Structure formats: C-alpha cells, structure tokens
Amino acid sequence: MHLTYFTLANIRSVAQATIEPSAQFNLITGDNGAGKTSILEALHLLSNGKSFRGRVGEGLIQVGRPHLEIYARWASRSGLNRQLGLRHAGSEWEGRIDGQNCALLSDLCTALAAVTFEPGSHALIDGRSDQRRRMMDWGLFHVEPAFIQLWRRWSRAHKQRNALLKQRTHATAQMEAWEAELAQSGEAVTRLRADYIDALAPYVSQWADRLLPELGEAVLRFAPGWKRQSVSLEDALLVQRARDLAAGFTTAGPHRADWVVEFAQRSQGERLSRGQTKLAALIVILAQAEYYAHQNGEWPVVLLDDLASELDIAHRAAVLSALAEVGAQVFVTGTTAEDLSFPAAAQVRVFHVEHGVIERG
Ligand SMILES: Nc1ncnc2c1ncn2[C@@H]1O[C@H](COP(=O)(O)OP(=O)(O)OP(=O)(O)O)[C@@H](O)[C@H]1O
Ligand SMILES: [Mg+2]
C-alpha cells in the first residue's frame with residue numbers, strides 16, 4: 001500500500017499541507033513542536049478512526065477551527081487508483097471512499113491500513129489490556145470481513161447486559177436474551193481472536209529473532225477473558241451472574257481478552273528493560289503488518305514516530321533495512337536527519353516542518 005498523495009488541514013499546528021511521498025522512505029524532520037507527529041496522526045486516524053494520542057475531539061483539530069480534513073490517494077495492488085477523504089468535527093464526521101459517501105467510519109478505516117510505532121507504543125507490552133485488545137481487533141477488522149459484524153453484536157450485548165446489571169435486574173427474560181446473544185457473538189469473536197493470535201505467533205517469533213535475538217524464542221499467547229478451556233461463555237455468565245449483580249458489571253468475558261509475548265531466555269519475574277519493552281512492542285507491530293501483507297498481498301503503510309529517540313542505532317538500522325527489504329512505504333519522523341541511517345540504495349524523500357508548514361527538504 002503506497003500513498004501517492006495526501007493533504008491535511010487543521011490538524012494541531014498544521015493549517016494546510018500537501019505531501020507527495022516516495023513509495024519507500026519519507027523522513028519528516030523539524031524541531032520539537034514543529035508538527036511532525038501531527039502528520040503521522042492524520043494517517044493513523046484514517047486507518048484507526050482515532051489518533052494514537054487520543055480521539056479527534058481531544059485536541060487533534062486546530063484550535064479555532066470547526067473540523068479537520070484529510071485526503072489520501074494510493075494505488076491498490078491491482079493498480080486501481082483509490083482515494084479517501086475525511087472531514088471530522090470531533091463528534092460528527094463525513095467520509096468518502098473512492099468518490100462515494102461512506103456511512104460507517106469502520107468502512108473508511110478498513111480501506112487504508114497503517115501501523116504505528118510511537119513513543120507510547122511500549123504500553124502495548126507494559127500497559128493496560130485495552131490497547132492489546134484494540135491491536136487484535138484492528139488486525140481482525142483488516143483481515144477478517146466477518147469480524148466487524150460479530151464484534152458489533154457482541155459489544156452491544158455486552159453493554160446491554162451491563163446496563164441491566166447496573167439496574168440490579170435479576171433473571172428476567174430480557175437478561176436471558178442478552179446473555180444468549182452475548183454468549184453466541186462473544187464465543188465467535190473469541191474464536192476469531194484466538195485464531196488471529198495463533199496466526200500472528202510465527203511472525204512475532206521471526207521478528208523477535210531479527211530484532212531481539214538475545215531474549216530467545218518469543219511465544220505469543222492468547223487469554224480469552226474467562227476460563228474458556230473449562231467453561232463455555234454461556235455457562236460462565238450464568239455462574240458469575242450473582243457476582244456481576246453485586247459488582248454492577250460483567251466481570252469476566254471477551255471484554256477482558258488479552259495476549260502476552262513471552263521470551264524463552266527471560267526467567268519469570270525478570271523485567272524487560274525500557275528499550276527491550278519498546279522493541280517487543282515494535283516486534284508485535286511489524287509482525288501484525290507482515291501478517292496483514294500475507295493476507296492482503298501488500299504491506300500496510302508504516303508510521304515510525306521519533307524512531308531515533310526510541311531505539312539505539314543498531315536497532316534503528318535493522319528496522320529500516322528490514323522495511324526496505326519488504327518494500328513497505330514508511331513515514332519516519334525525527335528532529336535531525338543524521339540520527340537515521342537508511343539502507344544505501346533506499347529511496348528517501350525528506351520533508352521539513354517548521355511551525356506547522358511542510359516543505360520538501
Ligand atoms: N489543537 C491544536 N491547535 C493548534 N495547535 C496545536 C493543537 N494541538 C497541539 N498543537 C501544537 O501543535 C504543535 C505540533 O505538535 P507535534 O506533536 O506534531 O510536534 P512534533 O514536531 O512532533 O514535536 P516533537 O519533536 O516534540 O515530537 C505543537 O507545537 C503543539 O503545541
Ligand atoms: Mg513528535
């Protein structure tokens with residue numbers, strides 16, 4: 001997936017920008033606060049419905065402006081020209097895919113795929129489980145067409161059951177109907193998530209071999225959110241109903257699903273260093289991108305924010321050379337160009353940002 005042209009307007013300090021990127025590396029340089037990350041946030045938004053620094057309504061729109069706008073063009077694998085436009089006001093939004101109005105933000109987000117490694121990515125390993133679920137679900141949205149429908153059904157049933165629990169509603173027909181729906185769709189969501197993690201595991205192991213060989217074999221494990229080996233979700237909900245009524249919410253289920261990466265050469269209780277945590281996150285992100293490429297025939301766009309401050313020089317070089325090898329389009333930001341060594345034959349286009357204004361370097 002290679003963007004050929006994109007424009008953005010009213011994103012943080014960037015009032016207006018047009019970028020014609022290279023199909024390989026794009027280096028965005030500028031001082032602190034210049035607007036480099038904002039450009040990556042725009043692309044991340046197209047693929048995720050939100051920025052990696054929060055929702056659109058949480059400060060992404062330039063102060064004093066009613067909405068932000070992003071337009072992107074790329075050639076599909078089959079050579080078809082594709083385009084996508086988004087105008088977002090925080091709560092309301094309008095989107096167009098290939099010239100047609102788009103009713104669901106999730107449809108817009110599945111058109112373009114971008115994966116992001118940024119200073120907050122370590123949280124994928126050492127942060128709360130909601131980010132790990134979001135990562136799994138992003139992967140499934142982009143590779144498994146049936147997933148979104150099931151996810152919506154499950155999510156609705158989960159919310160409805162919680163609403164009933166909050167009102168202290170006991171075994172009514174309504175509770176039973178939502179539990180049946182939750183169990184059915186939740187089991188289906190969980191099956192897909194488990195299969196996804198299984199499919200991702202060999203990619204994680206390969207990327208760990210490349211980027212973090214000193215920690216030994218990496219194993220990716222899925223946790224469904226309840227004791228799935230011994231009990232169906234339907235039974236689990238029934239058994240825990242009294243406890244859930246006391247708590248006022250569903251305590252166990254797919255909303256608690258998680259995954260973990262374990263390394264063979266690291267003993268129990270031994271913590272990863274800060275840098276190793278970041279590398280572990282990057283390994284999972286690149287594994288996910290490669291699995292996407294395996295399923296869809298092309299790599300997602302890769303966004304690397306502030307790579308030089310995140311990784312040491314050897315790891316930066318290893319990542320950039322691996323991405324050159326697979327032919328991914330990469331956008332990487334940094335305060336200076338000197339911090340990054342691109343592979344010798346790589347095509348690198350440089351953009352410089354100053355006070356929200358972007359120019360070809
Ligand atoms: N809603 C907003 N409206 C206008 N300006 C904003 C808004 N939100 C943030 N800014 C400003 O936009 C600028 C862009 O920040 P951004 O994070 O993109 O910079 P950066 O080049 O990535 O910097 P760094 O090198 O520190 O990571 C900052 O100066 C910030 O103060
Ligand atoms: Mg930044």
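This is a predicted model: local features need pLDDT of at least 70, side-chain atom pairs count only at pLDDT 80 or more; totals for chains, interfaces and linings use all residues.
## Ligand 1 and its contacts

A backbone N or O atom of Gly 35 sits 2.9 Å from an oxygen atom of ligand 1, a polar contact in the sense of a pair of N or O atoms within 3.5 Å.

Residues are numbered from 1 along each chain as its sequence is written, chains are lettered from A and ligands numbered from 1 in the order written, and side-chain values use heavy atoms, without hydrogens and water.

## The shell around the ligand

Around ligand 1 there are 15 residues, and Gly 33, Gly 35, Lys 36, Thr 37 and Ser 38 come nearest (a residue is near if one of its heavy atoms lies within 4 Å). By class, the shell holds three nonpolar, eight polar and four charged residues, with Gly counted as polar.

## The largest pocket

Now to the open space in the protein. The largest pocket has a volume of about 1600 Å³ (an open set of points on a 1 Å grid, for a 1.4 Å probe, with protein on both sides within 12 Å along at least five of seven lines; lining residues have an atom within 4 Å of a point). Its lining counts 50 residues, with Asn 48, Lys 50, Arg 55, Asp 130 and Arg 134 nearest the centre.

Among the elements that each supply at least two lining residues are α1 (36–48), α5 (147–166) and α9 (274–296), but α4 gives the most, nine residues. Why does the largest pocket lie between domain 1 (1–113 + 300–361) and domain 2 (128–296)? Both domains give residues to its lining, so the pocket lies between them.

## The second largest pocket

The second largest pocket holds about 300 Å³ of space. Of its 16 lining residues, Ile 125, Asp 126, Arg 266, Leu 272 and Thr 277 lie nearest the centre. β10 provides the largest share of this lining, five residues. Eight of the lining residues are nonpolar, two polar and six charged.

Notes:
A polar contact is a pair of N or O atoms within 3.5 Å; within protein, one must be able to donate a hydrogen and the other to accept it, and residues adjacent in sequence count only if both atoms are side-chain atoms. Grid points are joined across faces, edges and corners, and a volume is the space filled by probe spheres set on the points. Helices (H or I, at least four residues) and strands (E, at least two) are DSSP runs, numbered from the N terminus. Domain bounds come from an automatic or database domain assignment.
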